[in-house]
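Visitor: Please bring up the model, and let us go through it by question and answer.

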Amino acid sequence: MRYARPYLVETLTAVGLIAAPLVLPHLGFVPNTINRILVWGLFGIGFDILFGFTGLLSFGQAAFFGTGGFVAAYLMTTAGFPHVVTALFIGMIAAGVVGWLVGLIALRRTGIYFAMITVAIAEVFFFVEFSPLASVTGGENGLPGVPTPSFDLGFTVVKFNTDYSIYAFLAFWYFLGMVVALRIVRSPVGAILAAIRDNPLRAAAVGHNVHAYKLTAFVIAAAYAGFAGGLLGVMQGFMPPDAFTFDTSGQLVMQAAIGGTGTLFGPLVGAALWLYLSDFLQKALDLGAAWKLVLGVVFVVLVIFLRRGIIGGIADLRALARGAGKAAADTAADGAGFHEEVGADEAMPAHHRASDRTTGPILEATGLTKRYGGLLANNDINFTVNHGELRGVIGPNGAGKSTFFKMLTCEVPPTAGRIVFEGQDITGMSVTDACQLGLTKSYQVNQLFTHLTVRENMTVAVLADRRGKFRLDMFRDPARIEGLNEQVDRTLHLVRLTRRADTKVSDLAYGEKRRLEIGLALGTSPSLLLLDEPLAGMSPQERIDTVKLLKSIARGRTMIVIDHDMEALFELAERITVLQEGQVLVEGTPEEIKANPAVQEAYLGGVLE
Amino acid sequence: MINWVNFASQAVNGLVLGALLALISSGLTIIYGTLGVLNLAHGALFMIGGYAGYVVYGFTESYVAAVVGGALFVMLVGIVMERVIIRYFYARPHEDQILVTFGLGIVFVEVIRFFFGSLSKVVPGPSWATGITPLGFMVYPTYRLALVAIVAVALVVLFFVLYRTRLGMIVRAGIEDSTMVGALGINVYRVFMVVFGIGSMAAGFAGIVNAPVVSLTPDMGEAILVQTFVVVVIGGVGSFPGAILGGLIAGEIISITSMFDPGYSYVMLFVTMTVVLVLRPYGLLGTAGRE
Amino acid sequence: MTKRNPEASRFTRRTAMQVGAGIVGGAMIPPGLSLPAFAAPAPLGTWPEGSAGSTVSIGAAVPRTGSYAAQGEDELKGMELAVQHINEGHALIKKISPKTTKGVLGKQVKLLVADSGAKPNNAVQAVQRFIAENKIVLMTGSTSSAVAVALNKFAEREKVLYAVAISGSNDTTGKDCARYSFRQCFYGETAANAIGPVLLKAFGKGKKAAFMTPDYTYGHTVTKSVNDYLTANGGWTMVTNQVSPLGAPDFSQYLTNIANSGADVLVNVNWGHDAVLSIQQAKQFGILPKMKLVVPYQVPFLAKEVGADIMQDVYAATDFWWTLEDKYPLAKMFVEAFDKKYGYKPEWGANNAYMQFAIWARMVESAGTFYPPDVIKAYEKGEKFDSTVGEVHFRGADHQLVRPVVIVKGKGPKAMKNKEDFWEVVEVVPGEPLMQKPDAFGCSLGDYT
């Protein structure tokens with residue numbers, strides 16, 4: 001849908017920016033306020049990419065706003081550099097570099113730790129600006145005398161020195177910033193960022209270098225902040241030290257949250273409301289300093305009740321108005337989906353990597369041991385799977401099956417032992433690298449990107465296969481990636497989710513989610529696919545269908561399946577490994593396992609869960 | 001003034017500041033450890049403690065009454081905050097919790113500004129701790145020394161509550177594994193409320209006992225909040241001993257660096273935090289697992 | 001548009017007359033600059049819009065929050081009183097600006113106020129607003145030189161006159177001076193040169209001094225000027241200089257360094273509430289009265305807030321103290337009018353603010369137009385006029401008022417005749433010899449247009 005009308009958003013943005021100075025003054029906005037809104041809005045675009053799209057809540061954006069602003073202002077004032085725009089870009093680059101360095105530290109942690117670290121690091125910048133660098137930045141003085149931009153066109157000099165001409169200057173950069181941001185969020189990188197926001201664990205598991213992408217988002221946000229900081233200096237002819245304060249970061253966060261995150265326009269709307277109210281409350285209502293109290297209350301109420309902000313609220317209302325009829329149709333499709341689709345049941349062949357062979361052992365684990373504190377989860381497991389094999393792994397609860405799988409896919413490092421995949425030692429490798437080598441798994445508990453649609457989910461997985469673990473194609477149209485759509489379509493078809501492609505994952509039925517779970521693993525074109533209880537929680541009919549599905553997937557692919565449903569497993573697998581108390585009890589064909597007395601005692605005769 | 005006498009003097013300053021930071025940070029850290037909520041209004045609670053004490057002092061002219069009244073008032077604010085808003089955020093993402101407490105912090109600051117204005121307020125110290133105490137190498141304001149003792153007592157009380165009572169057991173178990181505590185059939189939400197109250201009180205108490213050495217302004221909590229973050233990151237999020245250790249380290253770094261150049265004291269503090277993060281990502285006394 | 005504007009047409013006529021006078025009087029004004037004035041000049045800054053109606057607006061960014069808020073309120077009262085006096089044609093205004101009848105060039109003056117929090121950013125934002133929305137003809141405000149310097153540059157860029165208000169930095173009329181900005185009050189260099197001899201006489205030569213310096217242009221330049229004087233003329237040494245940020249919540253670390261520095265004299269350059277707090281804490285740390293306190297740039301209400309006992313025998317340099325009413329008739333008029341309206345004796349911030357507006361009114365009347373370059377030239381002519389501290393005049397080369405510096409000494413509780421009688425005026429030092437050469441601090445004024 002997004003691609004149906006190309007450049008619609010861009011066109012509307014341009015129209016809006018042209019109309020704003022004509023319309024807004026009648027609503028009580030003064031020109032200076034409008035200019036400020038644009039600076040905050042541009043600052044906010046970057047922040048939204050970081051927070052709204054990638055899910056990283058930074059309270060330290062002031063560091064980059066200030067860095068960009070002061071570098072640009074320093075060039076234009078003290079250094080006497082005459083080219084305003086070049087100075088702005090240099091400021092932006094400086095902020096980006098600083099963002100990269102800060103990101104290296106801050107992104108070591110996530111969640112609240114990340115938030116706290118960004119606050120603290122931004123504070124360092126504040127103190128550095130004040131004391132050690134005061135001779136350059138002016139300390140408390142800031143840098144006054146930032147010139148207004150002017151361009152010598154040969155026949156005339158265009159000067160941006162009035163409120164309206166400055167508006168034109170700012171609006172141009174806002175527009176450009178928005179166009180770039182739209183490209184980024186629509187690019188493969190944007191898709192992956194959204195996936196990271198939803199489920200960083202799975203994004204890494206399907207083979208994306210999550211840390212590198214987070215860092216990318218961080219640098220993008222820093223660059224936007226830096227450019228906006230430079231514009232602030234140009235707009236008011238003065239680069240204030242306040243740019244570095246916690247207040248600046250906090251105001252940005254509040255504006256973005258008020259306007260609505262994940263929309264790119266949210267911060268602009270938030271800034272407009274913020275600055276308008278601050279004017280209105282102070283001037284019209286003469287509230288004096290109490291204006292901030294009112295805004296604080298507005299903010300808290302919005303966070304409590306309208307957590308997607310104003311734009312999100314409007315979108316929800318629209319969805320509500322249109323939603324009723326559509327929802328009924330959706331549920332009707334639920335059960336039917338699986339059978340109605342017919343056609344080629346071929347999965348995409350496994351992606352052939354240089355190191356791949358076609359015979360012999362694909363995976364060899366020797367002496368695999370995992371210890372959690374005093375608990376021995378896996379003990380000295382030796383395990384080999386050959387190319388083309390379909391192996392089943394069974395064992396009672398607590399036998400260490402999941403831990404075993406986690407070690408094989410490099411989710412957790414083994415305490416001892418060695419894992420060789422396709423002749424390569426992958427012990428201690430990251431889950432992302434393992435996936436890129438062609439080894440991935442589907443999870444026992446669904447690990448999906450719940451806020452994205454089915455197609456978007458699958459795209460994320462397939463992108464990892466098509467683009468490798470990290471690539472900075474921020475301006476690329478995903479539709480132009482060779483084979484991407486085809487592979488997405490085929491995988492969706494294989495797991496029977498074609499008709500549900502544009503449904504949000506959170507709206508899927510349980511069985512559909514399980515199929516998508518497998519589909520995500522499949523989307524990465526693994527040469528070795530591990531399935532952790534793919535049948536868990538399914539109805540008998542769904543189990544039959546899924547076994548059929550697994551059989552079709554297994555063609556031309558090596559698979560290892562854990563499950564409790566032994567009937568299904570005996571039907572599927574060529575060989576079975578039985579785990580018990582963290583060790584291999586026995587291994588053999590289904591018939592041999594069924595006949596084995598030790599297995600019968602330990603498992604078949606024992607407690608079946 | 002780089003000499004041993006000054007070093008010793010600054011170390012005493014560091015102890016005063018560190019003790020205060022330790023107390024405030026332990027409030028933040030037990031709330032986070034138990035409830036999983038990072039309270040960005042913690043600095044504002046510290047500030048409210050000072051103002052509440054200021055008001056009580058205005059009526060009673062008694063330092064003790066100001067401290068007790070201020071601390072209890074902030075505890076009440078904390079409990080009301082938890083009951084009315086925070087409890088609805090346990091199930092929401094961390095980001096929402098951060099946003100709402102950040103917003104509440106601003107509301108608190110602005111409410112105080114509304115009622116008390118921006119001009120700073122002064123709370124005098126107790127009569128038994130005015131004047132100067134000779135320390136041999138320097139003279140030191142008596143109240144600041146008393147402050148260390150007062151904060152130490154508060155931390156000991158907090159230690160007993162956390163390590164010697166049933167509530168404390170639950171809190172510490174909750175820090176280890178919050179689902180387990182719930183499974184044990186303990187009314188977790190009641191515990192949450194009490195913990196939020198106690199954590200807030202720690203900040204409020206610090207705010208009022210600190211009031212006689214600084215002057216109160218509505219935005220005094222912001223700088224403290226940031227320093228508290230650093231303390232918690234250094235000590236390890238959720239760790240009570242970590243908060244105390246981190247607080248003392250932070251206080252000493254700030255003070256001892258200022259012997260060389262006060263302009264660098266906060267820069268050094270944050271550099272230390274960065275080093276700790278790189279070498280021990282979960283803090284000096286923290287454990288992996290909580291994010 | 002210009003034709004319909006009475007202000008613009010008056011400009012043309014009057015300027016023509018002035019230029020004529022200028023040529024006769026020795027052609028002070030370069031002919032190249034004045035020639036285009038024969039034609040109606042192009043709009044400049046808020047001119048002519050700002051003065052087209054029956055009122056003109058002054059925009060003030062005053063700190064009403066933060067560390068300098070108390071001083072800001074005092075300053076604001078001085079401004080309000082001045083505007084009231086200008087509008088009603090008060091006798092005091094007429095002493096300073098004889099051509100004034102009511103208002104300025106017959107237009108009533110309106111004062112617009114915003115809170116700057118002593119932060120340059122807030123000040124610039126507020127003033128930018130006033131220019132855009134209210135077309136102010138004059139901007140003012142600052143109790144922090146950081147604000148003054150920022151507004152200096154901003155005035156230059158926007159071509160709107162700026163009356164500096166309180167600013168003690170040498171830079172304000174030194175390296176950051178501006179064609180559009182004028183300073184009435186004393187500053188680091190004059191303060192240092194005025195108080196220096198008094199200090200040497202009182203404390204002797206070869207003393208050790210500890211400085212407390214707020215970390216911005218005001219603090220750094222005042223500390224430098226004072227230290228330079230004491231070092232060069234009295235052989236004093238600076239044993240430590242504790243630089244703290246504006247609005248520091250606690251000075252214990254700085255004071256500990258000072259306590260262990262072995263200094264004899266503590267020169268506290270901190271200002272506003274920072275001065276109050278740092279002096280109170282210096283007492284707590286036993287530094288006072290062990291060391292002698294000096295306040296080289298007096299802070300309004302300082303003695304009242306820290307207590308007369310601590311301030312006893314403390315030397316300070318200031319711009320104005322109300323007991324000067326015994327010496328200067330204009331001071332008497334001002335103190336009486338102020339006390340009547342606000343119920344307390346004005347501090348120097350109020351006097352400074354009042355004087356600035358009065359001087360501006362004089363200069364506009366003398367130029368006969370609001371056209372900024374003409375008003376600036378009126379200032380730059382350097383005519384002598386009477387003030388609350390005697391006869392003063394502007395120095396054209398750096399836009400600094402040549403005015404005396406007042407040295408005061410804390411009386412102590414016993415010697416105080418009434419509750420506002422904190423200071424004894426030791427000396428009123430004539431301004432001219434205290435000042436550096438106009439270009440010594442790197443002042444280079446910008447263009448007129």
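Visitor: Leaving aside neighbours within four places in sequence, which residues is B:Val230 in contact with?
Guide: This is a predicted model, where local features need pLDDT of at least 70, side-chain atom pairs count only at pLDDT 80 or more, and totals for chains, interfaces and linings use all residues. Residues are numbered from 1 along each chain as its sequence is written, with chains lettered from A and ligands numbered from 1 in the order in which they are written. Contact here means C-beta atoms, placed from the backbone, within 7 Å. By that test the partners of B:Val230 are A:Ala120, B:Ala250, B:Leu269, B:Phe270 and B:Met273.

Visitor: Where is the kink in H2(A) centred?
Guide: Helices are DSSP runs (H or I, at least four residues), numbered from the N terminus. H2 of chain A covers residues 31-53 and reaches 31 Å from its first C-alpha to its last. A bend is the angle between axes fitted to the seven residues ending at a residue and the seven starting there. The kink is about 40 degrees, centred on A:Phe47.

Visitor: How many residues of H2(A) are buried?
Guide: Buried means 20 or more other C-beta atoms within 10 Å of a residue's own, with C-beta atoms placed from the backbone. H2(A) is mostly covered, and the count is 22 of its 23 residues.

Visitor: Which element gives the most to the side of domain 1 of chain A that touches domain 2 of chain A?
Guide: An automatic or database assignment sets the domain bounds. In chain A, domain 1 is 31-316 and domain 2 is 361-604. Their contact takes 23 residues from domain 1 and 30 residues from domain 2. With seven residues, the leading contributor on the domain 1 side is H8(A).

Terms used. Helices (H or I, at least four residues) and strands (E, at least two) are DSSP runs, numbered from the N terminus. The expected span of a helix is 1.5 Å times one less than its number of residues. A residue is buried if 20 or more other C-beta atoms lie within 10 Å of its own, exposed if 12 or fewer, and partly exposed in between; C-beta atoms are placed from the backbone. Two residues are in contact if their C-beta atoms, placed from the backbone, lie within 7 Å.
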